[in-house]
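Let's take a walk through a protein model together, one neighbourhood at a time. Have the picture open and follow along.

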Amino acid sequence: MRKILVIGAGRSASTLIKYLLDKSQSENLFLTIADISLELAQQKAENHPNAKAISFDLHNETERKELIQQHDIVVSMLPAFLHLEVAKDCILYKKNLVTASYISKEMKALHDEVVENNLVFMNECGLDPGIDHMSAMKVLDEIRAKGGTPILFESFCGGLVAPESDNNLWNYKFTWNPRNVVLAGQGGAAKFLQQGTYKYIPYQRIFRRTEFLEIDEYGRFEAYANRDSLSYREVYGLENALTIYRGTIRKVGFSRAWSLFVQLGLTDDSYTIENSEEMTYREFINSFLPYHPTDSVEVKLRLILNIQQDDVVWDKLMELDLFNAEKKTGLKNATPAQILEKILSEKWTLDKEDKDMIVMYHKFGYELNGEQKQIDATMVCIGDDQIHTAMAKTVGLPVAIATLQILNGKITKPGVQLPIAKEVYTPILEELESFGIIFKEKEVPYKGY
């Protein structure tokens, strides 16, 4: 049998593994599911006859090399910073590699070696990055094929809670790594291009400068700017585009409320708080407010952030139990961001019956025969359950499909790459449609700016 090694059995791997196991009989596949948690790997293997779950320590060099050597292709669902040792072993033993992660400088530096060994290292093949690349390149290639010149590209994506499970004032629950949500937007100003002019939004303003989006059947959303919208300018062939903007989708009103956390300093991850373990939620909030002999924590917060008592933002803050004088953080030597993450996780964790939702929205402006035109493409995916979430589907399925395409010799171009070639994205997008991951494209009047 053809052997596939899947390293990492976290939330994003569930649908990926199910897809490959469902195909294992017809495609003659055997999966080894390796994770530091044997229990997690066993859950994903589901006692399937064509799967083996093992406990795996990435840093055990002998074990890692032996495991990679025994398999035909490697799928790494590890965090991006852990891919490198796996990648080097894949070169050593001439094994193809698939990941859902952004291509790091270190991974990119392996390109020549990967080409010399005639290997395919397919990266950025999940959701964002991944499906965003493939769906965008499909439309851009079609525009160019009919003689059009792209002049505007906007791309938005968000992991949200499905409408039927949306039952809090924030219209939001954690569907992915909560830490990434708390730290979103940090690390420098957001950078993008608008009507030929470079634009910058500093971190403290990101959540107050939002774009609004309308999606048929799902209503109105907002999006805040990603940190770097220009990183794919050359990759997408958009050197002459006047507008390039990428953002993260939320329901309207989320960003205004979130900006209060930023203003107060609760999202800071650069220092630890004294005696954080014994600190109550109320003391945590009060530690960011000025002393006053009579004013309560609530009054001080409203005054410093200029929140009216009848403002829905105040209701959102109250919903989070921020002013509880009994609950302790229980976190030793914690940063403000870590404490905020714990507080939010108590309120924003998906309940057992909850479903998540992925929303993606592309805008393409182009010139054709002297006319300015626009195509909008939207995709909404609702999760099945707590295991096969929309996030797991949209991250895992394209990785799984690409893995099988490489194994079957359909993707052969060597090198460290992302899925932007027509021969790569076409079969993946077509198969994704059979799983309900479908982009609706429509011509609309060109709006520009």
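Start at Leu-368: setting aside neighbours within four places in sequence, its contacts (heavy atoms within 4.5 Å) are Lys-146, Gly-147, Gly-148 and Lys-373. A quick word on what you're looking at: this is a predicted model, where local features need pLDDT of at least 70, side-chain atom pairs count only at pLDDT 80 or more, and totals for chains, interfaces and linings use all residues. Residues are numbered from 1 along each chain as its sequence is written, and side-chain values use heavy atoms, with hydrogens and water left out.

Back to Leu-368, which belongs to strand S13 (residues 356–368). Helices (H or I, at least four residues) and strands (E, at least two) are DSSP runs, numbered from the N terminus. Leu-368 has 12% relative accessibility, so it counts as buried; the scale runs from buried (under 20% relative accessible area) through partly exposed to exposed (over 50%), using a 1.4 Å probe and protein chains only.

Now for the rings. A pair of aromatic rings is described by the distance of the centres and the angle of the planes. Rings of Phe, Tyr and Trp (its six-membered ring) pair if their centres lie within 6.5 Å; planes under 30 degrees apart are stacked, over 60 edge-to-face, and the rest tilted. The structure holds 21 such aromatic pairs. Take Phe-254 and Trp-348: their ring centres are 6.0 Å apart and their planes meet at 45 degrees, so this pair is tilted. It ties together distant parts of the chain, with Phe-254 in helix H11 (residues 254–264) and Trp-348 in helix H15 (residues 336–348), 94 residues apart. Both Phe-254 and Trp-348 are buried. They also belong to one aromatic cluster with Trp-170, Tyr-172, Phe-174, Trp-258 and Phe-261.

A charge sits over a ring if NZ of Lys or CZ of Arg is within 6 Å of the ring centre and within 35 degrees of the ring normal. Lys-316 does this over the face of Trp-170, 5.9 Å from the ring centre. Likewise, the charged end of Lys-363 is over the ring of Tyr-361, at 5.6 Å from its centre.
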